[in-house]
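Hi,

Here's the structure I said I'd pass along.

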Amino acid sequence: MLAALLGDLFAIKPLNLKINHDRYSLNSLNGFFDTQGEDGSGGAFFFKFHQEEGEEAMAGEYYRADILARAGLPVDQPVHMSAEPGEQILVYRRRDEPRFSDILRALDLSDDAAGRGSAVAAEKDLGAALLATYLATLHPITPAEAAAEPIHRLFHERLIERVGEGLPPRYPAGRYGEFYVGKPFAFPGVTLDWNDLSTRRFTVNAITYASTLGQIFDAAEARLRPERLADAGGVVAHGDAHNANVWFSQGSDGARLSFFDPAFAGAGVPTLLAEVKTTFHNIFAHPFWLYDPDLASTRFTAKARLEPGHIVVESDWEITPVRAALLDVKADGIWRPLLAELKARGMLPADWRAVIRLALFLCPTLVMNLRAGARTHTPLSSLIAFSVAVMVGSEPVTGEDVVTRFLDRIDPDGPQ
């Protein structure tokens with residue numbers, strides 16, 4: 001069926017088509033095929049399909065790799081492309097290089113100082129290119145321009161359902177409603193329903209968080225409305241550059257990173273959203289709990305108990321050395337100088353920390369269903385998942401964690 005579809009769309013004859021079993025393809029499908037062509041057009045190819053709810057109402061076009069290329073960012077250009085709703089397909093020449101996600105997963109499993117150094121150096125080089133692009137393209141945008149960017153399909157649009165022109169969207173709905181509202185939740189030591197879970201504060205490893213799951217979702221629906229995100233301007237950005245969308249190329253002069261699948265790229269991506277997906281999915285989603293929940297369930301421990309108004313969690317999960325190093329690169333090489341530029345131009349919202357937190361929170365909770373048994377999560381990995389989601393989404397009542405230290409580090413008013 002896929003070979004026939006590719007043949008119809010692009011007037012080619014796919015052979016030996018294979019679909020990859022890919023832990024990182026949470027909303028997409030990819031694989032390989034070959035073609036034979038007398039004009040030299042044959043060879044080995046890589047394909048990727050992307051699917052989102054409500055594609056028929058999409059404003060703008062998917063897969064605008066040319067936007068990134070014109071801005072000077074390293075991006076692999078497809079040889080075939082379909083942007084039709086329901087047929088969002090890219091075809092690339094097949095490359096032998098690994099994705100950056102595969103390099104980092106190996107370092108999560110077995111840390112290696114030389115390999116970590118190579119990965120961090122490559123990340124620094126890409127970060128420098130990204131910062132230069134953000135600073136060069138930062139510009140004011142109107143609420144309408146902000147709302148037209150496709151990146152909102154990864155955030156606010158997954159909270160709501162649009163019910164008709166001129167009518168307010170329904171909330172809670174979308175993936176939020178489908179995944180969680182009214183559903184049961186099973187964790188090690190505790191089983192409870194959404195009405196109960198969503199109103200409890202999380203205490204994770206003795207740190208209590210100020211907001212409940214329900215409060216964070218409500219705040220995200222209100223503050224991440226597309227038109228409200230015009231306040232920090234817009235930039236040219238990939239928007240969805242998790243490391244399964246990044247090639248890792250090793251050369252004589254070191255490793256280099258390059259993008260592909262710019263499904264949500266734009267010329268006016270709201271600035272505070274530009275680096276959110278890559279910050280969460282390349283750092284806080286690891287090791288293992290989001291993409292390898294079975295593996296996480298064998299390598300970590302987590303248990304919960306209920307206290308009045310609270311769910312108390314004890315877990316030994318933490319980010320690995322390579323992820324901590326990547327977070328430092330993000331903080332010092334991109335986030336802090338970008339926020340400093342926004343402040344210098346009078347474009348930094350007073351609640352920037354809350355905006356970043358809310359967007360980070362929606363990354364795991366709406367990319368896939370985190371409930372145990374709903375898809376791939378176990379009770380243990382589900383508990384870690386919601387604990388991490390609250391950790392990124394809410395300020396602690398007292399104390400600090402890896403996220404508060406990150407936000408303090410990127411604060412343009414903070415110490416150097």
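Let me start with a strand pair: β8 and β9 are antiparallel partners, held by two bridges. Within that pairing, T203 has T208 of β9 as its bridge partner. Bear in mind throughout that this is a predicted model.

Those two strands belong to an open four-stranded sheet with mixed pairing, in the order β9-β8-β15-β14. The edges are taken by β9 (207-208) and β14, and each has a single partner strand, so one side of each has no neighbour in the sheet.

Moving along the sheet, β8 (residues 201-204) also pairs with β15 (residues 310-315), this time in the parallel sense and over four bridges. V204 sits opposite V313 of β15 there. On to the next pair: β14 (residues 302-307) runs antiparallel to β15, with six bridges joining them. Here L306 is the residue opposite I311 in β15. β14 and β15 make a hairpin with two residues between them, and G309 in the turn has a positive phi of about 75°.

What lies across this sheet? Helix α13 (residues 379-393) does: it lies across β8, β14 and β15, and runs at about 65° to β14.

Now for some helix packing. Helix α3 (residues 100-109) and helix α11 (residues 321-344) have axes that come within 8 Å and cross at roughly 130°. α3 and α11 are therefore oblique to each other. From α3, the residues L104, R105, L107 and D108 meet V322, R323 and L326 of α11. By class, the residues in this contact of α3 with α11 are four nonpolar and three charged, with no polar ones.

Searching the whole structure gives six cavities of 30 Å³ or more. The largest cavity holds about 150 Å³ of space. It is lined by 17 residues, and Y24, N27, D240, H242 and V367 are the closest to its centre. β3 (43-50) and α9 (276-284) each contribute at least two residues to the lining of the largest cavity. How does that lining divide by class? The largest cavity has six nonpolar, six polar and five charged residues in its lining.

Cheers

Methods: Residues numbered from 1 in each chain as written. Predicted model: local features only at pLDDT ≥ 70, side-chain atom pairs only at ≥ 80, totals over all residues. Heavy atoms only, no water. Pairing = 2+ DSSP bridges. Axes fitted to C-alpha atoms, helices over the stretch in contact; angles between N-to-C directions. Parallel < 35°, antiparallel > 145°, perpendicular 65-115°, else oblique. Contact = heavy atoms within 4.5 Å. Nonpolar A, V, L, I, M, F, W, Y, C, P; charged D, E, K, R; others polar. 1 Å grid on protein atoms, 1.4 Å probe; cavity = no way out; pocket = protein on both sides within 12 Å on 5 of 7 lines; lining within 4 Å. Points joined across faces, edges and corners; volume = space filled by probe spheres on them.
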